[in-house]
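Here is a short note for a colleague who is new to this structure. Please read the points with the model open.

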Amino acid sequence: MKLEKNTEFSRYVAKLFVQYKDKRIHQFTYQNQLFWLKQPDQLQGVWKLLKPNPRQALQHEIRQLQEMNAKNAPVVKLVLFDQDFFVSEDAGRTANLWVEDKTVDDTFKQQVLNDCADALAELHKKGFIHGRPALRDMAWHEGKVTFLDFEEHKDKKNLQWQKVRDCLIFIHGFCRSKSVSTQQMGDTITYFQQCCEPEVWQQMLKTVVKYRWLYYLLLPFKPIAKMDLIAAYKLFENLLPQAKRSVG
């Protein structure tokens with residue numbers, strides 16, 4: 001709902017907005033329930049050129065969340081908003097923290113990864129994209145996955161490519177984690193294929209084949225590669241065999 005100044009909750013949020021004016025995201029508790037207050041980026045230096053309209057970006061995110069909430073997409077619930085902020089319900093611990101938790105067994109981790117794959121496929125089937133579906137941007141609570149911090153404007157003319165990019169970013173994301181085993185990577189990809197729209201999966205495989213030259217070009221640097229490049233190797237190594245069989 002839009003800010004109503006005469007409600008106790010909105011007055012409380014208004015005070016927080018003033019108190020944490022320079023903080024982009026702030027977690028708070030109200031009547032034993034967790035919420036998040038989000039404001040526009042406070043940009044410095046070159047970021048003012050790269051992201052020139054943080055307030056406009058925030059308003060876009062509000063409109064996007066309203067549309068997604070109306071269609072019951074797996075995203076955070078918007079509870080209050082105004083020109084310079086919005087408040088959403090807390091959705092639980094992020095998936096990357098579950099996966100990296102050493103007290104969590106492998107079966108549980110696999111379930112979290114599968115639930116994330118399922119949620120991304122559901123988001124796509126409802127006609128939405130995320131833009132950066134990394135595990136840190138997915139909250140998991142008792143089997144329910146909620147997406148956080150949307151990055152992209154949806155382009156209806158190129159929606160399928162945006163879904164493909166989402167899929168690649170998601171796979172690359174869990175391939176980055178040292179807490180995800182090779183077996184878990186393969187199992188998550190297999191499960192994701194079952195959830196994913198067939199045409200999106202096929203287009204993703206075509207993309208992997210198209211850019212396989214990049215994998216071979218970078219392969220000599222594998223002994224000195226850092227996390228992101230290592231994840232790219234793992235992505236190709238997991239997808240290329242299937243892509244070659246399917247696409248040629």
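1. The axes of α6 and helix α7 (residues 182–195) come within 10 Å and cross at roughly 160°. That makes α6 roughly antiparallel to α7, a label for angles over 145 degrees. The crossing of α6 past α7 is right-handed, meaning that the near helix is turned clockwise from the far one by less than a right angle.

2. This is a predicted model: local features need pLDDT of at least 70, side-chain atom pairs count only at pLDDT 80 or more, and totals for chains, interfaces and linings use all residues. Residues are numbered from 1 along each chain as its sequence is written, and side-chain values use heavy atoms, without hydrogens and water.

3. Helix α6 (residues 159–176) also meets helix α8 (residues 198–210): their axes come within 9 Å and cross at roughly 70°. The two are therefore roughly perpendicular, the term for 65 to 115 degrees. Again the crossing is right-handed.

4. Now the second largest pocket. It holds about 340 Å³ of space. A pocket is an open set of points on a 1 Å grid where a 1.4 Å probe fits, with protein on both sides within 12 Å along at least five of seven lines; lining residues have an atom within 4 Å of a point.

5. Which residues lie nearest the centre of the second largest pocket? Ile25, Trp36, Val76, Leu148 and Asp149 do, out of 19 lining residues. β2 (33–38), α3 (54–70) and β4 (85–89) each give two or more residues to this lining. The largest share, three residues, comes from β4.

6. Domain 1 (3–89) and domain 2 (95–246) each supply at least three lining residues.

Note on methods
Grid points are joined across faces, edges and corners, and a volume is the space filled by probe spheres set on the points. Helices (H or I, at least four residues) and strands (E, at least two) are DSSP runs, numbered from the N terminus. Domain bounds come from an automatic or database domain assignment. Axes are lines fitted to C-alpha atoms, for helices over the stretch in contact, and angles run from 0 to 180 degrees between N-to-C directions. Angles under 35 degrees count as roughly parallel, over 145 as roughly antiparallel, 65 to 115 as roughly perpendicular and the rest as oblique.
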